[in-house]
Amino acid sequence: MKHFYLPFEKRAGFSCSHEAVEALSEYEKYQLSFHPERPKYLDYLTIFETPEECLSNDEHGSCVIQTHRASLGTGENLIPVMLIGQQSGPTSDFSLMKKLMKEPENISRWNHGMPTPAAFQKAIDAIQLAEKENRIVITVIDTAGADPTEESEAGGIAWKIGRCMKALAEARVPTLSVIINRGCSGGAIALTGCDVVLAMEYATYLVISPEACSSILFHTREKANLAAEISQITAKEALKNGIIDDLILETQGPAHRFREAALNSFRNSVTTWIGKLHASGFDRVFETRVQRWEKIGQWSTISENEILAFEKPVSFFIPKPEKGLFIARHKQCTDNEGKNIVDPVLYSKLLSDNFVCSSCGYRYVRLTAHDYIDLVLDRDSFSEHPETRYIVDRDILGFPDYPHKIEAARHKTGAASSFITGNGTIEGEPVVFCATNFNFFGGSFCMSTGEKIWRAAKIAIAGKKPLIIQATGGGARMHEGCSSMVSIPKLHVAVSSVEKAGLPVITIVTDPTLGGVAIGVASRGFRIFEHNAGNIGFSGKRVIEQYTGHKTSKEFQTTSWLQQKGFVDKTALPTALRHEIATILRMHTAPQCNAIP
């Protein structure tokens with residue numbers, strides 16, 4: 001077979017006209033976005049002048065991100081660029097693809113188009129090289145997501161993705177991103193936090209695949225089309241929602257059938273946009289970037305009277321028993337041989353283990369935002385910021401039951417949203433403190449959280465105060481679609497603003513911290529990992545085990561496992577956080593110290 005045909009392409013009378021594509025279901029449009037014959041990064045490379053590969057290596061999965069020096073423009077107005085392209089497979093020639101992918105070494109080498117830590121490190125190095133050589137950075141996005149394996153977690157994939165976004169947030173040269181096919185999850189957001197974001201007309205941009213979204217929402221993968229429709233994943237909807245800046249029209253029809261027209265459109269659009277970036281100069285790149293990201297995101301507001309209807313302090317901290325030294329053991333506790341354990345638990349032992357059962361690893365409790373406020377800050381020193389207090393989540397997609405679930409979460413947690421910011425003191429030192437409620441939608445990262453971090457950063461800079469953030473959550477919130485994920489680069493720009501002002505940023509990493517939360521705030525600043533925490537990384541344990549088909553190692557994604565891999569700055573029990581942070585702050589302000597150790 002010379003060509004590949006999707007099921008809808010085989011239907012009688014189907015053409016590749018714009019009208020025919022618009023009539024497709026949302027899931028079919030999703031399938032179209034990663035049609036195996038759509039041009040890939042190396043196809044688009046041909047429109048650039050004097051492309052020269054750089055930073056090549058043979059590390060596993062490194063080829064999924066390719067980097068080239070090149071230039072683009074017209075006549076004598078050639079502009080130097082650094083290209084960072086996601087190459088989701090060896091070729092867009094279907095016949096050649098079938099031959100190449102019969103070889104096991106090719107299958108392994110291309111890793112199903114999923115970038116590994118080595119691939120993201122190459123991107124980081126390329127951004128740094130672009131700064132040295134004064135080249136505009138152009139990232140080209142085509143990915144189903146980052147590699148979900150234990151090997152990649154051991155290689156620090158969450159922190160590599162975070163460093164990619166930090167590098168783009170702080171780049172001293174302009175940056176531009178183009179989503180050419182499918183831009184999904186952390187693999188895409190790692191490289192789309194740019195000054196300009198474009199997308200091919202029939203590309204998709206999404207926080208989670210329609211199949212996975214359907215599985216979570218409807219407990220079946222059979223409603224993927226409905227999930228795709230709800231999530232608004234097409235490039236046109238991304239433009240409508242304000243998360244990309246412009247469409248690159250596929251003028252004659254889908255790029256896999258009208259390749260030359262697509263390449264010409266890409267060249268014309270990218271040439272225009274990098275011309276604008278180049279003309280604006282490199283002197284005020286960061287200031288211009290701040291102005292762009294300040295506008296990203298949508299949220300609603302709530303009144304004081306509405307807040308008072310549900311606001312209350314909620315604590316899950318297990319207090320010391322009034323009588324005796326023991327508390328009841330959790331149900332269904334078993335030893336290594338599978339035998340039930342029913343003996344009560346010594347409270348002091350449980351407290352020293354951070355509420356994790358030493359027999360079976362069961363976590364008794366996940367603390368609330370109010371708990372962390374009480375544990376970290378001096379007594380009665382916290383006052384919520386009026387600038388963030390009234391910001392709440394907005395239902396921009398009409399997601400099923402989202403408003404009702406938000407209302408239920410408010411009454412459960414006693415808070416208007418999952419994220420709280422305010423002023424306080426730590427052993428007398430004034431700080432800006434941010435806390436997350438895991439029990440509010442699993443602490444998932446959303447647009448309101450991005451905006452609250454943005455405003456908290458501005459307050460920290462204005463008051464010359466350290467920024468302390470307690471991080472937890474299972475990832476970016478699917479109920480807000482890709483808009484939730486796009487708020488992650490926004491927080492990187494905010495945190496970089498604080499660090500550029502010479503102020504310390506300290507992140508408390510708690511159980512769980514995964515996905516968008518891990519690659520976002522948990523990858524920044526000086527990080528204190530809670531003792532005996534678990535579920536810390538990019539892909540969750542269940543996702544990895546489903547993808548690989550085998551169990552993860554026993555201590556996987558725990559603080560001790562991460563410490564062995566070299567990813568932990570410091571560990572502390574929740575009860576010791578105040579003193580540990582105070583010590584770090586004193587070291588930062590000491591005359592002989594200019595930075596956090």
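**Entry 1: a covered helix**

Which residues are buried in H2? I started my notebook with that one, keeping in mind that this is a predicted model. The buried residues in H2 are Glu26, Tyr27, Glu28, Lys29, Tyr30, Gln31, Leu32 and Ser33. That makes eight of the eight residues in helix H2 (residues 26-33), so I noted the helix as mostly covered, with buried meaning under 20% relative accessible area.

Next I looked up what covers them. The buried residues of H2 pack against helix H1 (18-22), helix H10 (210-218), helix H11 (224-231) and helix H12 (235-240), and also against strand S5 (175-184) and strand S7 (204-206).

**Entry 2: the whole protein**

I stepped back to the overall picture. I found 25 helices and 19 strands in the protein. The radius of gyration is 25 Å, close to the 25 Å from the globule rule for 597 residues, so the protein is as compact as a globular protein of that length. Along the principal axes, the C-alpha trace spans about 80 × 55 × 50 Å.

I also checked burial: 59% of the 597 residues count as buried. The protein exposes about 24500 Å², and carbon and sulfur atoms supply 51% of that area. Among contacts with a separation of 6 or more, 76% join residues 24 or more positions apart.

Then I asked about confidence. The average pLDDT of the protein is 94, and 98% of the residues score at least 70. Residues 592-597 fall below 50, and I noted twelve contacts for this stretch in the model beyond near neighbours in sequence.

**Entry 3: an open sheet**

In what order do the seven strands of the open sheet run? I read S12-S14-S15-S16-S17-S18-S19, with mixed pairing. Strand S12 (383-384) and strand S19 (570-572) are the edge strands, each pairing on one side only.

I followed the sheet from the S12 end. S12 pairs with S14 in the antiparallel sense over two bridges, and serine 383 has asparagine 423 in S14 as its bridge partner. S14 and S15 also run antiparallel, joined by eight bridges; there I found glycine 424 opposite valine 431 in S15. The hairpin of S14 and S15 has two residues between the strands, and glutamate 427 takes a positive phi near 50° in it. S14 is mostly covered, with six of its eight residues buried.

Further along, strand S17 (residues 505-513) and strand S18 (residues 526-530) pair in the parallel sense over four bridges. Isoleucine 506 has phenylalanine 526 in S18 as its bridge partner.

I then looked for a helix over this sheet. Helix H17 (residues 369-376) lies across S17, S18, strand S14 (419-426), strand S15 (429-436) and strand S16 (467-473), and runs at about 160° to S15.

**Entry 4: one alanine in a loop**

Is alanine 146 buried or exposed? Alanine 146 sits in the loop between strand S4 (136-143) and helix H7 (150-154). I noted a relative accessibility of 7%, so alanine 146 counts as buried.

Who are its contacts? Leaving aside neighbours within four places in sequence, alanine 146 is in contact with Met114, Pro115, Phe120, Ile157, Ile161, Gly187 and Phe538. I also looked up alanine 158, which is twelve residues from alanine 146 along the chain; their C-alpha atoms are separated by 9.3 Å.

Notes:
Residues are numbered from 1 along each chain as its sequence is written. This is a predicted model: local features need pLDDT of at least 70, side-chain atom pairs count only at pLDDT 80 or more; totals for chains, interfaces and linings use all residues. Side-chain values use heavy atoms; hydrogens and water are left out. Two strands pair if DSSP finds at least two bridges between them. Contact means heavy atoms within 4.5 Å. Axes are lines fitted to C-alpha atoms, for helices over the stretch in contact, and angles run from 0 to 180 degrees between N-to-C directions. Buried means under 20% relative accessible area, exposed over 50%, partly exposed in between (1.4 Å probe, protein chains only). pLDDT is the predictor's confidence in each residue, from 0 to 100. The radius of gyration is taken over C-alpha atoms; the globule rule is 2.2 Å times the number of residues to the power 0.38. Accessible areas come from the Shrake-Rupley method with a 1.4 Å probe; for residues, only the protein chains shown count as cover.
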